[in-house]
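Dear colleague,

Please find the structure below, handed over for your attention. A summary of the findings follows it.

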Amino acid sequence: MPDVDTPELLNDRLRQTALAHDRRRLQTRFAGVKITPIAEAPERVPVRVGGEIRSQHRSSPDARRFLRVEIADGSASAMLVFTGRNRIRGIDTGRAIVAEGVGRVEKGRLVIWNPAYTLLDGATRS
């Protein structure tokens, strides 16, 4: 891709939706990282996926502790569920993460319970 947008490229980018821009940005951000795209991740076998943290949801104070983390990689989104925790240092919105575990599809979305994870440094951010 050229460093400077030509009028044709600029016109093409203006016609695309914000969702298409975000999808392309995420795919570029994770290029070179050895992961399976979330949309292609198989069920019930070990998988390694990565994405940008979109949101976090904590359990209420009087309920069993868990942290749900939504990630997206430009192909789809997945939910990482950590039981016994309300917060994990470093897991912040916008941060890049790679997660490994056995996933299953729940309500049309890949869910991985208690995955092993690696937080990627800021150098991979765009």
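In which sense do strand 1 and strand 4 pair, and over how many bridges? They pair in the antiparallel sense, over 7 bridges. Strands here are DSSP runs of E, at least two residues, numbered from the N terminus, and two strands pair if DSSP finds at least two bridges between them.

The model is predicted: local features need pLDDT of at least 70, side-chain atom pairs count only at pLDDT 80 or more, and totals for chains, interfaces and linings use all residues. Residues are numbered from 1 along each chain as its sequence is written, and side-chain values use heavy atoms, with hydrogens and water left out.

Strand 4 is also joined to strand 5 by 4 antiparallel bridges. In the hairpin of these two strands, with 2 residues between them, lysine 107 takes a positive phi near 55°. A further 4 bridges join strand 4 to strand 6, again antiparallel, and isoleucine 97 stands opposite leucine 119 in strand 6.

There is 1 aromatic pair by the rule applied (ring centres of Phe, Tyr and Trp, its six-membered ring, within 6.5 Å; planes under 30 degrees apart are stacked, over 60 edge-to-face, the rest tilted). The ring centres of phenylalanine 82 and tyrosine 117 are 5.6 Å apart and their planes are at 80°, so this pair is edge-to-face. Phenylalanine 82 lies in strand 3 and tyrosine 117 in strand 6, 35 residues apart. Phenylalanine 82 is buried at 3% relative accessible area, whereas tyrosine 117 is partly exposed at 30% (buried is under 20%, exposed over 50%, partly exposed in between; 1.4 Å probe, protein chains only).

Yours sincerely
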